[in-house]
Amino acid sequence: MPAKVLLELKNVTIKFGGLTAVSDLSFKLFEGEIVGLIGPNGAGKTTVFNLISGVYRPTEGEIYLNGENITGLKPFQICHRGIGRTFQVVRPFGGKSVLYNVMVGAFLRTNDTRKSREKALEVLQLVGLYNKKDVLAKNLTIVDRKRLEVAKALATEPKLLLLDEVLAGLNPAEVDEAVEMIRQIHKSGITILLIEHVLKAAMALSQRIMVLDYGKKIAEGSPEEVTSNPEVIKAYLGDNYGIA
Amino acid sequence: MGVLSSIINGILMGGVYGLLAMGLTLIFGIMKIINFAHGAFLMVAMILSYWLWKIMGLDPYLSIIIIAPLMFLLGYLTQRFTIKPVLDAEKDVREPIGALLLTAGLAVAIENFILMVFGADYLMAKTAYSGASINISSLSISVPRLYAFVTSLVVAFLFYQFLIKTELGRAMRATGQDRGVALLMGINVSKVYSIAFGIGTALAGLAGIVLIPFYYAHPSVGAVFITKAFIIVVLGGLGSVHGALVGGLIIGLIESVAAQYMTATWTAILIYFAFLAFLLLKPSGLFGSRYEW
Amino acid sequence: MFIKRNYKIFLLCITVLLVMLIAGCSGGGKSSGEVKEIKIGNILPLSGSAAPVGKIGQQARDMAVEEINAAGGIKSLGGAKIKMIYADSKGDPATGVAEAERLITQERVALITGAYQSGVTLPATEVAERYKVPFVCPVPSEDVITERGFKYVFRLAEKTTWRNREQVRFIQDMAKKFGTPVKTVALIYENTAWGQGAVKGWEKYLKEAGLKIVLKEPYPANSSDLTPVVLKVKQLKPDVIMMCSYVSDAALLTNTFAEHKVKPLAFIGTSGGFADPVYFKTTGDNSEYFFDISTWEPDVNRPFSKEVNEKFKQKYGYPMNAEAVKAYTAMYVIKDALERAGSLDPEAIRKALAETKLTSGVTQMYASEIIFDESGQMVNAPLIISQFRKINGKMERVTVWPEKEARPGWKPVWPFPGWDK
Amino acid sequence: MRNFITPRYYLPALMIFILLLIPLFISSPYILHIMAMVLFWAYLASAWNIVGGFAGQLSLGHGVYVAAGAYVSSLLFANIGLSPWFGMIIGGLVAALLGVIVGYPTLRLRGAYYALATVGFAEGFRVILINTTKIGSWHTGGAEGFLVPLLGDAPQHMQFMSKVPYYYLALVLLLIIVGFSFWLDRSKLGYYLTAIREDEDAALALGINTARAKLIAAALSAFFTGVGGVYYAQLIRYLEPNAIAGAIMSNQIVFLAIVGGRGTVLGPVIGGIFLTIIGEMTRILFDQVMGLHLFLYGIIVVLFVIFKPRGLIELVEKPYEKLVKMLNGRRVEGAS
Amino acid sequence: MALLEIDNISVYYGEMCVLRDVSAQIDSGEIICVVGANGAGKSTLINTISGLLKPKTGKILFNGEVISKLEPYQIVEKGVIQVPEGRRLFPNMSVEENLLIGSYTPTSRKKRKENMEKVFTLLPRLAERRKQIARTMSGGEQQMLAIGRALMADPKLLMLDEPSLGLAPKMVSHVLELIQNIAAQGVTILLVEQNVYHALKLCNRGYVLENGSITLMGTAEELLNNPHVKKAYLGL
């Protein structure tokens, strides 16, 4: 089925001083996909997110959303155009309640406090935080913080959601829950690009996986293809894992 | 000749400004706090120095031996008992400004405490060299200012050596560069903070002492200098020690030379504009960088 | 952790503060019962940078009140005693207004005096005018104070521009007398209300006298360095340098002139900082042969001057200054008015003040005749020029002009002899 | 859908009612003047709170806006006879414009740098004010200050011989700003400002144009502060650059808000009332000791920053909640 | 007796629990590794040992002495040294100054010369670059310097937080070799790694940290062959 291209990176490179964090990265994201972006720590995954969401401006290359060149736009402008993101290190507005946090996101699409509250509550239902809506964000457990992070992003009604290691640090039961949550989100029609470290979950979720190492895309394909790629195993697990 | 005189004068005053700004910049470099009470500490030292001179006949420059340690202690205790609890409580706050407010409150309290105890009189230590000047043809150089300048340079030099050469100085710079890792190096960061605040305060004190033979102390004298010190540290780069000295000289020169071509009050406005321009266009100042320390 | 542990301490601190306040409050409000007491409000800067001058004004008034009360109070009011109610303005106009309100409506004072700074006096007198309570201003000199058509404001002090007028007259007089023509003048003044007011006066009278202003240099009152100003003056070589400064800048200017050996025909100050006792302490010999204008000097050749000053010195350890004398005189002017009014009715007091004609008694130390014109301005407020001279190793202000009020046997030294003295 | 006779509604109403009645019981103009000043300071602290509290941008130069409002309205009043009632709007707008001019470049700066920049702007503005004696043919008075013409009882020009109207005017201003803060706290803008205060980067990622939100906050804050300046001008009727645009004014506003509790709707109000009354009392009681009252002022600020950084509101909030609960309980009991 | 004993500690950020009832011990001379996913609490664990965080319950003993109440500098003084994640050198200081700072504690200061020699023998590249400013060095060199700096403190227990992070594969093996060399000199090592293979290849024993709790422990071999580990990390 020839789906529509939602996001496209064309030869994106970013350098920090002498260090090339992402080099010549190109890929396409189709509407309705869930794509996993994996790679060892320090491979540049989060940098890719920062590039897409406008925190960094690429040194070279362009980024397109729905065919519109969004390179160099500010984070808030990109968010307006429909890209929501979560942070690897969760960043709640700690002194405020869960509901408050999510309402901040929901206000992107409405000026009305009541509507924003409705939207926020809806999202909280979806991520399973409804019962904790009045808890101060800084008092949440890690799992719930991650949920909140997702909820905030969801509340902005994105077309594309960038999830940065939302499963990290969760125990298997929680991972399953979270995977289910992401599936639900996906079902509601949102395209998802996720960075994951927990391969199992990433592979279970993703239709397609891209592997990043030293800022370069070293593999791309279905989860099966990727996990059997020796270069991926080497990069991701260490030189001789297979042998041991 | 007039321009030369004003250049010399600008440099001499600039040295003292630099000395004052150095303490401010030290505290910012290490603790990331803008100390609004810096001017108040300068004032305390001026008043103490004056009274030592007045009562015991102690030359202000000799009173350094007593006042510098005293000011150090004052700063040390201020950090230990007022700023530290605020910093500890704000450890997780993204942009802590509690400490800034605290120092602003302290400034008000100190100024008025001095007013209560010593009154509001204008005090100046009229030493033998107070009015003296060295005259070379029509060029004249003020002796007390010259002393102040030389002292400022010597102190700046010693202070720099302290930072570079000594164990403690190194520990301070390390703390300024990365507080978290400094802890892991076995540096008692809290103590380093106290010492840094103490030294910063002592530097303000030294600036006060060199001023007292030719400038007047009164409880609100800090306000005369603190804004200037702010301007200088921003100009030189917040946290940069040599930036403070160079910034001081620049401001001294602008004040002195520009005043030959416009009125002194407009010079002040000019300086504010320079300050704002730097803040807005180059907030890291001339020498500042994130890695200054 | 620290926070929690100290929570109690904190509460304690706040509680103590509050208790202190409440205790103080209930103690403070008990002054209505006594009869035979005339309350006079006095707004002064008792904190802030002008506090020292506020203090000496307070002392002068205290001394006058003590004398008046000891001499039987206000006889026409059955020997009622005067009670001063001091109010601190902090030198801040808004506070001055609040204090005037308080004095009038809370303390119910018969009249108000003060408030040293023109900036505070202007709005404070307005309050008094509104309540129709007489306001006697001994010190503030900004012209406009008595130029607003107010009925209840009386000023003992001269107008700012009168000083400038007298200074210019003095220059012309000296130039003629010593045969040293004066053509150019440099004006250096601190850049607040006072200095800006002075420069207007100078401009007016210097122009009238045909003198050329070669420099008009304002500087911020709290400058950290005045060398630039001094260097600028040195370049221009004016015949006379006139200054309007507060004490720290006056001393700073003087010392810097000395350092750079600036040598005009004369340096002339405009009271204020030059008249402050601290000035001599901090300038020493440097100020020798400088001129200053004022309304009173300890050596001025006027009746009672010496005696009152001696008494003041005995009492407080330092001599009076012009501000103190004005404050002191003001109390006697008020006493005289109360005596004639014979009532605490503000209208009666106002009327009595307006009809003041004091030509005898201790007020002679200030002026031989005290009369207010319709605007409430004292007519012919006295002005004298003194020169700073070293006598027996000590700096003194020697009254030299006008001749009839000069210290017997002393004449002005003109032109300025130079720095190598 | 309950009736409105719950403590949550009637307690504030009662408080406003008491405040409204005060002039009936207090005849002393002095006390009324002080109370007007108390309300006025609470108002200024609340106006500052929009940018300093909600948005978390520590402005140390709010005196500029007080001065802008005061001077603009007074100059228009003195020169073209424009009533300060209209001057309030114009003064406020000019202050807001100034807020935007100052804010546009400075709000990019964070934390201490922003604070320093506002100090710089305020000082520069003050020096300019001192050195400007004329704008066109209109006298501003420079350092001599500006005397607002006194017309006597002229309600149409915001001048009254009695203090009662001034008191009510201050009360109305305060109620407006509290109402506004209350609305802001619950509005999109309020949510955005709070988000910016808590974490600006995260706020950006949620689609918030942080620069614009901060600028709006700065403009609103400046507007209200400017309106306050107009009130001040008519109450005191004398504008002195150092007193009105100087550091003391600017710092005082901040201190009130901090001690009360910045970022909350009522904190600055409580702080304004508490500190102004304490300041006034100490000044009257201890006027023979120079500097004591400001010393206490400083100490109180220090104590609060150390021990109660969230301000007085914290101390007031709980007892108030308890009271509400208690009253609520009683009513329910009585009803059943 | 165990050199380091972690006795049932729980650590909180505010009200959020990041380590729950963690117990572990390290004997003298061992190389222990802690593996776990991002956010599992590995860094929290070693930061707690270093004293940067205080456990809410439980205690940590070093050489039989409770250290969990001590300040970081006191813990460093006892010879418990951490090489933090991401190197975190003092960027504006030279190599030499970084090393000098490493031996800040009074005890190590006495052996400064000797230790400096040792470090330079172990890491000759550092000797060549004594005067270079730290921030201008490459990632691998920085990691070397970070380890060298830690060695200056004369560690009894050396804790390394993800030393292989962001290094080129060649450099990674170099660093691991170095760690082995250090261990050979009798320094006990606690290694935190995400890179399971690297970590386990090197160490005697390991702990698996998941969501703030220790879920597995055992010898390197046991862990390497444990299906749970494989699953958790590979999704196989």
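In E9(C), Met242(C) has Ile268(C) as its bridge partner. Strand E8 (residues 240-244) of chain C and E9(C) run parallel and are joined by three bridges; strands pair if DSSP finds at least two bridges between them. Helices (H or I, at least four residues) and strands (E, at least two) are DSSP runs, numbered from the N terminus. The model is predicted: local features need pLDDT of at least 70, side-chain atom pairs count only at pLDDT 80 or more, and totals for chains, interfaces and linings use all residues. Residues are numbered from 1 along each chain as its sequence is written, chains are lettered from A and ligands numbered from 1 in the order in which they are written, and side-chain values use heavy atoms, with hydrogens and water left out.

From E9(C), Ala266(C) and Ile268(C) point one way, Phe267(C) and Gly269(C) point the other way, and all are buried. Buried means under 20% relative accessible area, exposed over 50%, and partly exposed in between (1.4 Å probe, protein chains only).

Ser271(C) lies in the loop between strand E9 (266-269) and helix H10 (277-283) of chain C. Ser271(C) counts as buried because its relative accessibility is 6%. Neighbours within four places in sequence aside, Ser271(C) is in contact with Trp194(C), Ser245(C), Asp292(C), Ile293(C), Ser294(C) and Glu323(C), where contact means heavy atoms within 4.5 Å.

Among the seven pairs of chains that touch, chains C and D have the most contacts. The contact takes 45 residues from chain C and 47 residues from chain D. Between them, chain C and chain D bury about 4,000 Å², 70% of it on carbon and sulfur atoms; buried area is the accessible area (1.4 Å probe) that two parts lose on being put together, summed over both.

The rule finds two salt bridges across the interface of chain C and chain D. A salt bridge is a side-chain nitrogen of Lys or Arg within 4 Å of a carboxyl oxygen of Asp or Glu. The side chains of Arg237(D) and Glu126(C) meet in a salt bridge (2.4 Å, N to O). On the side of chain C that touches chain D, the elements giving two or more residues include helix H2 (7-28), helix H4 (93-106) and helix H7 (193-209) of chain C. H4(C) gives the largest share of that side, ten residues.

| Pair | Nearest C-alpha atoms |
|---|---|
| Chain C and chain E | 12 Å apart |
| Chain D and chain E | 16 Å apart |
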